[in-house]
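Subject: Structure handover

Hello,

Here is the structure I said I would pass on. Please look through it first, then read the notes below.

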Amino acid sequence: MTHRGLKLNPPEVQEPRAASHGSVGRPLKHDSAELHVQGAAAYIDDLPEPRGTLHVAPGYANISAGKFKNLDLTEVAASDGVVAVLTSADIPGVNDCSPALGDDLILSPDVITFHGQVLFAVVAETREQARMAARKAHIEVADQVPHVTVADGKAAQSSVLPDYSFLRGDPNTEIKSSPISIRDSFHVGGQEHFYLEGQVAMAVPGDGAEMLVYSSSQHPSEVQHTVAKMLAVPDAAITCECRRMGGGFGGKESQAAQWAALAALAAHKTGKPAKLRLDRDDDMRLTGKRHDFDVTWKAGFSDDGVLQAVDVNLAARCGNSADLSTGVVDRAMFHADSSYYYPHVRIHSERIRTHTVSNTAFRGFGGPQGMLFAERMMDAIAFHLGKDPLDVRKANFYGEGRDITPYGMQVTDNILPDVIERLEKTSDYRARREQVRAFNKANPYLRKGIALTPVKFGISFTLKHLNQAGALVNVFADGSVQINHGGTEMGQGLYIKVAQIVADVFGVDIDRVKITSTRTDKVPNASPTAASSGTDLNGMAASIAATTIRDRMAELAARLYQCQTAEVVFAKNHVQAGESKVAFSELARLSVLERVSLSSTGYYATPNITWERETATGQPFLYFAYGAACSEVTIDTLTGEMKVDRVDILHDVGRSLNDAIDIGQIEGGFVQGMGWLTTEELVYDDKGILRTHAPSTYKIPTAFDLPEDFRVELMPSEGNQADTIHKSKAVGEPPVMLAISVYSAIFDAIASMAKPGTKTLPPLNAPATPEAILKAITALREERRV
Amino acid sequence: MIFGRNGKRTVVSEMSPHETVLDYLRLREGAMGTKEGCCEGDCGACTVVVRSLQDGKAKYEAINSCIAPIGSLDGRDLITVDDLAASGQLHPVQQAMADKHASQCGFCTPGFVMALYALYENASAGVDRTAITDGLAGNLCRCTGYRPIIEAGLAACNSKAAGDAFGQTEVLDQLKKETSTSLFIGNENSFFAAPATEDELAQIYAEHPDAIIVAGATDVGLWITKHLNKLQKIIYVGRVKGFRDVATDGSGLTISAGATYTDAEEALAHIDPDIGEVVRRIGSKQVRNAGTIGGNIANGSPIGDTPPLLIALDAELTLRKAAGERKMRLEDFFIDYGKQDRKPGEFVKSVFVPNLAENDHFRAFKLSKRFDQDISAVLLGSKLTLDGATIAKGRIAFGGMAATPKRAKHLEAWLKGASLENPSSLSEGVRVALKQDFAPISDMRASAEYRLRAAHGLVMKSLFEIGAEADGAHADTRLVGMRQRASA
């Protein structure tokens, strides 16, 4: 199952399923694929606008920190087409769109804590009129010097949440007594989501206080609750719907709420439907990103490179509010071990408050930043000892007797040694290491580097109560099936995977299963579609709902055809009951006649999650997803430019529900991670204003950046050790971290220029832009001159 | 104005001068297939294809509809993603995209489909991966990682069947005939004008020197969508007769001001493959199909990619107004940031690029965070005239190093007479000269320090390469834009 270059064959199913003709395990297309290619899949801005729909645009000041004294909106209100101008005084209920802590204003009444804080919103007949009017405010501000960077926030001792640590043993003493120790610090950059569909919502007033809110959100339940709270109406009055998002990546987990709230407020105020779609530049300015971190660490290790003790401080730029920073920074800590055993360890974290937009969830949720540290540490040890970094990694992997993580969870499903061994062979790592060495000897201008790095990613929400899901399945009298669940579709293929699961429960073809929009009036109180958990949770809930109905139908069939319930088999659109065989649709029709309910909810709560944050004990994850990648790069030592030459990926998805979807997640995740670590650079000026607020200045990978030689393989698997749906594994986030191999390969290329015996670590920050690479090269050159 | 809407003659009699094609589609027609991703021509979600008759043949050009004025379609045929699937059958490009699992969230997909559709229609021989990635450089996808999209493009473009639904040229003929005279929509205070001849252009611009001249609108489009600068007087030059000409004679190349990058790419690459590669990396296919060399000069951007090259080549600019023409060396046109030597009512008519002499060695390098579709942090255009291994004369210009595209005169002076036998020995001198020539700024693209250091790197790279070349050897200094490949 190797996909190389242009020779993609439809992925093969690893092994036949129980029902070999079923949908599970087959590489079915995304449910909307044919609509996508025709432009016929409707996103919120494409929906027909109800008569009289108004348009909303946010207004904000041009500073990052301070207060506004006088907000003169006279010209705004007088501008063409303006119907209303909303300020905080218009909010009947609670002025908050935060996910938890009550610290995110929908409309600020006085303070400005970041550039892009919304002070007012214009409601106008057209979107263009609203946008033009929003620029006509006269805002008198009293500004203060903003805290922009982690260092600024630290100096001001400003944080959004208390520090938090994991500690085992006595790392400080052990580092001192280790044969060798290193200390280092570096910066890990943030990342803009750049979902192609920007933030958008449309609110349509209904009877009385009712409101239907269409929101491009990974968390419709939270949007519903935020809107209800803001309008001071019961949750039950508000319905939120999302058929599909044009990408989410975490950026629409908590931060879709504000835009939905403003649309709802406009609808509430005017009695008319109202839509808010952010302009791309505003979207990039006004919504949070992946957290950037200042990482400071020291480590002690043996002459063989085996770690004895690690002490790391992860200081995150959280922005002006907490948002999801509890979980994000915790996850950075949970993954600061990557795949390695730290006998003595302290992992400390600081959640720094700055006058910048509140950073938020982004695929990997802090995990990538934590892991990048661990991999830099491995590269540093190898550099120090002059060893192959892969050997240093292997020497530090979890193994027998060395399998307790810094947070006390035992790693019991470790397949990483097999993954690494297989990839080392299939990527031809050792021979290519020699070729890289030879190339570097021969070429005075270009340098190559290669790296093989692991991924181990913990699956489950670390906030325990989110590990639950609901589903609603209806079977109709004609035998067609309708499914609904709390998970949202953002391109990841959740809907088709759940449909495959349900189709197989009933033994019907996939085209009998109708997928429906995520709506809070069908499945209430749903968790966000996040933490890679969408299929694990919703697939299980939908399976439970469908199985309930199937069991009722089986009982009926047993009664009608006089056999044992256990003898009733659902397959190939038919039901075999003892000697009798009827069409599934016929049994559905009979169920209605015989008064058997064909509708059921399903509910699932992940077992074995025992994590207690207060005491830092228990098990935060149900299982780990594993993978590894080997990347080879070439850098230009005169300019710092870099090209990725070849990438080999081996990734573990347990038993795949849909190989094509899983491979799509792996490849897309890798490329997104590669962008984070190479070309995607967020630049704030010293006033705290983001300078890279458009695709003209913020550069995500293009087709050209995809390595020409790109080989992706699924790890052959007997299935997840944990009891997940069809023994599959989550795949949304883990592949992002495969891209750390690119960063490590760049480090390797730079390190090849070091003076023999030097101990100065190339100071390579992420992202490794041409400028960052040339800077690290220059540091080594200057070292050579000394 | 009259244009084709998927082959159907369509008349628009009322429009604001700044109405974009995307707004026309989504707000007027309610055709929602075409998406707005960034509204600045950088993501490609809004890609549409414009069909027109060029040299008697139907030519398909992908453009960004978000920044294209609807008036610029006058006389051409607009095809969108909503049009491709005829009578329930997916177009081969759409089918391949679906079969290869090339969409995830699907929002960028219509744009990819249209970019590939243009490649498909224009494809004659085998289409390779480079052609596909180049054709897709202006389309951002955040989900797939591109592999399945590239494969879909290869599969579709290489399985092209003979004859297609949009191949007829009759409608294009008719549109062309109907739109051969000047167009003026609006009134004296607010209009969209598309003069048909250079004289008419000169005349209307003389009458309205406050109008904005628009060719591809790849820059001006953003004034409209981002600065919300609702331009009231637009003179579109895309229909001026002869304005898209690219002509070669024994002494060099004359590029008329309305020639797009795409129009001029081949002729420029013929002067030197490095120029071809730089032009290939300007914007994206969508941008190069709309944007013009003339516009790149006239807007005076310090980071425009063609001016430094043209200055290094000692190009000559022709300006025109109602009263007549004047010529000047291109480098003299750029006075200061945002300031060019252009009088009221005067416009860029053409630029003449002299051929390289036999002992001229040209190099051009573009530095940016991302290889494709990015704006330069630093751009070098360098022409060294050699006498054996000695530099007889150098003409070296940079973009991104000053407020205007600018020559490195200290460096030129210092290199004069230098020997290329051991280029490393020149390194320190190059460094010192560049510091005398430039005090670049720090911005979101690069720091001042990097710009200077990288500029030094680029000069050294050119010296290493030319030095090796003069020695009959080859210096392997590049990650992209190999000269052998470019000239092949």
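Domain bounds here come from an automatic or database domain assignment. This is a predicted model, in which local features need pLDDT of at least 70 and side-chain atom pairs count only at pLDDT 80 or more, while totals for chains, interfaces and linings use all residues. Residues are numbered from 1 along each chain as its sequence is written, and chains are lettered from A and ligands numbered from 1 in the order in which they are written.

Chain A first. Its assignment gives domain 1 (44–145 + 193–286), domain 2 (293–462 + 613–785) and domain 3 (468–605). Taken over C-alpha atoms, the centres of domain 1 and domain 3 of chain A are 38 Å apart. Between these two domains of chain A, 18 residues of domain 1 are in contact with 14 residues of domain 3; two residues are in contact if their C-beta atoms, placed from the backbone, lie within 7 Å. On the domain 1 side, helix H6 (220–231) and strand E12 (238–242) of chain A are the elements that give two or more residues. Helices (H or I, at least four residues) and strands (E, at least two) are DSSP runs, numbered from the N terminus.

Now chain B. This chain has 19 helices and 20 strands, and its C-alpha trace spans about 70 × 55 × 40 Å along the principal axes. The radius of gyration of chain B, 23 Å, agrees with the value near 23 Å for a compact globule of 488 residues; the radius is taken over C-alpha atoms, and the globule rule is 2.2 Å times the number of residues to the power 0.38. Of the 488 residues in chain B, 58% are buried, that is, have 20 or more other C-beta atoms within 10 Å of their own C-beta, with these atoms placed from the backbone.

How do the chains meet? In chain B, 69 residues are in contact with 71 residues of chain A. Several helices of chain B each supply at least two residues to its side, among them H3 (92–99) and H4 (109–122). H18(B) gives the largest share, eight residues.

Last, the largest nonpolar core has 405 residues; such a core is a set of buried Ala, Val, Leu, Ile, Met, Phe, Trp, Tyr and Cys residues joined through C-beta atoms within 7 Å. Helix H15 of chain A (residues 534–561) gives the most to this core, with twelve residues. Val122(A) and Ala264(A) are among the residues with the most contacts inside the core.

Regards

Conventions. A residue is buried if 20 or more other C-beta atoms lie within 10 Å of its own, exposed if 12 or fewer, and partly exposed in between; C-beta atoms are placed from the backbone.
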